Amino acid sequence: FSNLSQHPQIAVSNIKETNFFSEAPQWEKGLDYYEGLWDWDEKRHAIALEASPNYTNSLEEAMTVAERTHALNTEQQTAFKFIYVLRNPLQKIESMRKQGVYQGWYEKYLEKETPESVPMEVIETVRYADVVDVFVEKFSAEKMLLLRTEEISPKGEPAVAMRKICNFLEVDLTFEFALEKIHNARNSYREDTLWHYLRSQQYFDPLKRLVPDTLKNKARSALSKPLKPNEKVVSPLLPAQKEFIVIALKEERTRLSGTYGLDVSAWS
């Protein structure tokens, strides 16, 4: 979302995560409200962009979103395109456990874990192929672009990924994006870090604009360690738990690669 917001042909929503098609209170505000979330300029904009992870948090939510977008009139319906960014399932579950324990909502799942397994409710959150199926059924495979988080990471080949996205969205491929900044860094959800404290200070905003992204990334990494590291911390997944997850998702990986052409060979 942040990278694409740089492109002159792309208008980004005033609220990043609109959750319009997944949450009833938002949906009930109506399409006029939704369209009003953009400062749209007919002369230069070609794409209206929003980014709502909740749209694919579960298969049920994905079905709701697909049904609501597909239920619009033909002109509106055919205008939709979907970019689905997928994280290595093991990494996502590890991250979900850490954040969930810190924020207090994962305990009910932690109680169901064994040394050899994790709850199926947790595995359901990374059944990506099932979610893709829902949107392809309502629209088509041509309306979806699947990306791995590694592709858009500064440690990957983000410039290549951005050209792929621009080609999919049919906007100028030659635009040069600034891609050095790291987004959603490790521990970014924690409030007990020096980095969070600095970000909350008003005087820090002007300073951030003067510092290159490469230096900010180093500062963020150094200052994002929890001040109370032993508080609200969950142990990493055990080898047997990881094996359980990999086996449970074997068919999913096969469909992602075989049916939808996404290279998931690095996911192990």
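Analyst: Helices (H or I, at least four residues) and strands (E, at least two) are DSSP runs, numbered from the N terminus. The expected span of a helix is 1.5 Å times one less than its number of residues. This is a predicted model: local features need pLDDT of at least 70, side-chain atom pairs count only at pLDDT 80 or more, and totals for chains, interfaces and linings use all residues. Residues are numbered from 1 along each chain as its sequence is written, and side-chain values use heavy atoms, with hydrogens and water left out.

User: What span should the 15 residues of H5 have?

Analyst: At 1.5 Å a residue, H5 should span 21 Å. Its end C-alpha atoms are 21 Å apart, so the two values agree.

User: Which residues of H5 are buried?

Analyst: Start with the cut-offs: buried means under 20% relative accessible area, exposed over 50%, and partly exposed in between (1.4 Å probe, protein chains only). In H5, the buried residues are Pro89, Leu90, Ile93, Glu94, Met96, Arg97, Gly100, Val101 and Tyr102. An α-helix has 3.6 residues a turn, so residues three or four places apart point the same way.

User: What do the buried residues of H5 pack against?

Analyst: Packing is read from contacts (heavy atoms within 4.5 Å). The partners of H5 are helix H6 (107–110), helix H7 (120–124), H8 and H14.

User: What about helix H3? How far apart are its end C-alpha atoms?

Analyst: They are 16 Å apart. H3 covers residues 59–70, so at 1.5 Å a residue its twelve residues should span 16 Å, which agrees. Ala62, Val65, Ala66, Arg68 and Thr69 are buried in H3. The buried residues of H3 pack against helix H1 (24–27), helix H4 (74–79), strand S3 (82–86) and helix H8 (128–138).

User: How many helices and strands does the chain have?

Analyst: The chain has 15 helices and four strands. Of its 268 residues, 38% are buried. Take the contacts with a separation of 6 or more: 74% of them join residues 24 or more positions apart.

User: Which residues line the largest cavity?

Analyst: Lining residues have an atom within 4 Å of a point. They are Asn88, Pro89, Leu90, Ile245, Val246, Leu249, Arg253, Trp267 and Ser268. Helix H5 (89–103) and helix H14 (239–248) each supply at least two. The lining divides into six nonpolar, two polar and one charged. Here Ala, Val, Leu, Ile, Met, Phe, Trp, Tyr, Cys and Pro count as nonpolar, Asp, Glu, Lys and Arg as charged, and the others, Gly among them, as polar.

User: Is Ser268 buried or exposed?

Analyst: Ser268 has 61% relative accessibility, so it counts as exposed. Ser268 lies in the segment after helix H15 (250–258). Leaving aside neighbours within four places in sequence, Ser268 contacts Asn88, Leu90, Val246 and Arg253. Ser268 and Val246 are 22 residues apart in sequence, with their C-alpha atoms 7.1 Å apart.

User: Where does Tyr55 lie?

Analyst: Tyr55 is in the loop between strand S2 (47–49) and H3. Its relative accessible area is 11%, so Tyr55 is buried. Beyond neighbours within four places in sequence, its contacts include Thr18, Asn19, Ala62 and Val65. Thr18 is 37 residues from Tyr55 along the chain, and their C-alpha atoms are separated by 9.9 Å.

User: What is the phi of Asn19?

Analyst: Most residues other than glycine have a negative phi. Phi of Asn19 is near 55°, a positive value. Asn19 lies in the loop between strand S1 (10–12) and H1. At 9% relative accessible area, Asn19 is buried.

User: What is the phi of Glu170, and is this residue buried or exposed?

Analyst: Glu170 has a positive phi of about 60°. With 63% relative accessibility, Glu170 counts as exposed. Its place is the loop between helix H10 (158–169) and helix H11 (194–199).

Key
1 Å grid on protein atoms, 1.4 Å probe; cavity = no way out; pocket = protein on both sides within 12 Å on 5 of 7 lines; lining within 4 Å.
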